[in-house]
Amino acid sequence: MSKKVYCIAQFLPKAGQEQALFQVLQSLEANTLREDGCLQYRVTRQISSPFAEGKSFPLVFNEIWADLASFEAHCQRREIQTFFSRYCLAENGLAEDWNVCIYSDEPVGYDAPEFKHEA
């Protein structure tokens, strides 16, 4: 059974602030990658291609966490809370809007194997 949690965290920068916000987001990578439950944490920026013309916010974190508890612990770290307070919630922040969603790769009703440990 997979307990992994996949997070897509999208950010819409205020006008003229895309590069500044991207740099701030990049600065969160090093410490986050030190977290035991962090399997992947990479900020990306949208690029153009005629084969991918979907709509999205231009800056996106692609994250993989070992489990829900690891993701939720990450969200409660002071550095992450300070980021949202300073750059998203503050009137003079760099982000106009943001959208953070988590996902599971397990189908509903998955017949997960149960491991029984014999003594």
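This is a working chat about a predicted model of a protein structure.

Trainee: What should I know before I start?

Mentor: The model is predicted, so local features need pLDDT of at least 70 and side-chain atom pairs count only at pLDDT 80 or more, while totals for chains, interfaces and linings use all residues. Residues are numbered from 1 along each chain as its sequence is written, and side-chain values use heavy atoms, with hydrogens and water left out.

Trainee: Let's start with Thr-32. Which helix is Thr-32 found in?

Mentor: Helix H2, residues 29-33. Helices are DSSP runs of H or I with at least four residues, strands are runs of E with at least two, and numbering goes from the N terminus.

Trainee: Is Thr-32 buried or exposed?

Mentor: Buried, because its relative accessibility is 0%. Buried means under 20% relative accessible area, exposed means over 50%, and partly exposed is in between (1.4 Å probe, protein chains only).

Trainee: What is Thr-32 in contact with, leaving aside neighbours within four places in sequence?

Mentor: Cys-38, Tyr-41, Trp-65, His-74, Arg-77 and Ile-80. Contact means heavy atoms within 4.5 Å.

Trainee: New topic. How many salt bridges does the structure hold?

Mentor: Three. A salt bridge is a side-chain nitrogen of Lys or Arg within 4 Å of a carboxyl oxygen of Asp or Glu.

Trainee: Which residue does Glu-29 meet in a salt bridge?

Mentor: Arg-42, at 3.4 Å from N to O. Glu-29 lies in helix H2 and Arg-42 in strand S2 (residues 38-45), so the pair ties together parts that are 13 residues apart in sequence.

Trainee: And how accessible are those two?

Mentor: Glu-29 is buried, at 10% relative accessible area. Arg-42 is partly exposed, at 46%.

Trainee: What about Arg-77? Which side chains does it meet?

Mentor: One is Glu-35, in a salt bridge of 2.9 Å, N to O. Arg-77 sits in the loop between helix H3 (68-75) and helix H4 (78-89), and Glu-35 in the loop between H2 and S2, so this pair ties together parts that are 42 residues apart in sequence. Arg-77 also meets Glu-79 in a salt bridge, at 2.6 Å from N to O.

Trainee: So what do Glu-35, Arg-77 and Glu-79 form?

Mentor: They are linked in a network of salt bridges. Glu-35 counts as buried, at 15% relative accessibility. Glu-79 is partly exposed, at 26%.

Trainee: Now the rings. How many aromatic pairs are there in the whole structure?

Mentor: Seven. One of them is Tyr-41 with Trp-65, which is edge-to-face, with 6.2 Å centre to centre and 70 degrees between the planes.

Trainee: What counts as a pair?

Mentor: Rings of Phe, Tyr and Trp (its six-membered ring) pair if their centres lie within 6.5 Å. Planes under 30 degrees apart count as stacked, over 60 as edge-to-face and the rest as tilted.

Trainee: Where in the chain are Tyr-41 and Trp-65?

Mentor: Tyr-41 is in strand S2 and Trp-65 in strand S3 (residues 59-65), so the pair links distant parts of the chain, 24 residues apart. Tyr-41 is buried at 4% relative accessibility. Trp-65 is buried too, at 0%.

Trainee: Which residues do ring pairs link into a cluster?

Mentor: Phe-11, Phe-83, Phe-84 and Tyr-87.

Trainee: Last one. Where does Ser-27 lie?

Mentor: In helix H1, residues 18-27. Ser-27 is partly exposed, at 45% relative accessibility. A polar atom of its side chain lies 2.5 Å from the backbone oxygen of Val-24.

Trainee: How far apart are the C-alpha atoms of Ser-27 and Lys-55?

Mentor: They are separated by 26 Å, and the two residues are 28 residues apart along the chain.

How values were computed
A polar contact is a pair of N or O atoms within 3.5 Å; within protein, one must be able to donate a hydrogen and the other to accept it, and residues adjacent in sequence count only if both atoms are side-chain atoms.
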